[in-house]
Amino acid sequence: MAVKATDIQRRDVDTAQSELRVLDLPRNNPCAQCAEPIALPSWVEQDGRRVAYLWHCRLCDYRYETIAFYAEAVDEDSALAA
């Protein structure tokens with residue numbers, strides 16, 4: 001499941017589909033090039049045991065991806081981590 005970070009909303013308890021919550025996203029990740037803190041990732045993609053984050057620094061226009069791998073598949077009740 002790929003989601004644009006700006007489109008993420010609070011999870012509805014009645015929704016069957018697994019959704020990301022803004023509170024679960026990593027925040028203030030330093031830019032890999034200039035070290036400026038980036039508030040939230042621009043894009044999040046979740047696929048079973050893998051969660052990928054696309055970061056875009058508005059100061060130096062550098063873009064990069066970080067990936068988190070989990071021992072077990074991430075279910076809808078688990079919090080995401082970077």
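A salt bridge is a side-chain nitrogen of Lys or Arg within 4 Å of a carboxyl oxygen of Asp or Glu. By this rule the count comes to two salt bridges, and the tour passes both.

Before selecting anything, note that this is a predicted model, in which local features need pLDDT of at least 70, side-chain atom pairs count only at pLDDT 80 or more, and totals for chains, interfaces and linings use all residues. Residues are numbered from 1 along each chain as its sequence is written, and side-chain values use heavy atoms, with hydrogens and water left out.

Select Glu-45 and Arg-50. Their side chains meet in a salt bridge, 3.2 Å from N to O. Glu-45 is partly exposed, with a relative accessible area of 31% (buried means under 20%, exposed over 50%, partly exposed in between, using a 1.4 Å probe and protein chains only).

Next, select strand 4, residues 43-47, and strand 5, residues 50-56. Strands (E, at least two residues) are DSSP runs, numbered from the N terminus. Strand 4 and strand 5 pair in the antiparallel sense over five bridges; pairing requires that DSSP finds at least two bridges between two strands. Glu-45 stands opposite Ala-52 in strand 5. The two strands form a hairpin with two residues between them, and Gly-48 in the turn has a positive phi of about 65 degrees.

Tyr-53 has Thr-66 in strand 6 as its bridge partner. This hairpin has six residues between the strands, and Asp-61 takes a positive phi near 65 degrees.

Now select Asp-61 with Arg-63. Here is the other salt bridge, at 3.8 Å from N to O. Arg-63 counts as exposed, at 53% relative accessibility.

Finally, select the largest nonpolar core: Leu-25, Cys-31, Ile-38, Val-44, Val-51, Tyr-53, Trp-55, Cys-57, Tyr-64, Ala-68 and Tyr-70, 11 residues in all. Such a core is a set of buried Ala, Val, Leu, Ile, Met, Phe, Trp, Tyr and Cys residues joined through side-chain atoms within 4.5 Å. Strand 5 and strand 6 each supply at least two residues of this core, and the largest share, three residues, comes from strand 5.

End at Tyr-64. Leaving aside neighbours within four places in sequence, the residues in contact with Tyr-64 include Cys-31, Ile-38, Tyr-53 and Trp-55, where contact means heavy atoms within 4.5 Å.

Methods: Helices (H or I, at least four residues) and strands (E, at least two) are DSSP runs, numbered from the N terminus.
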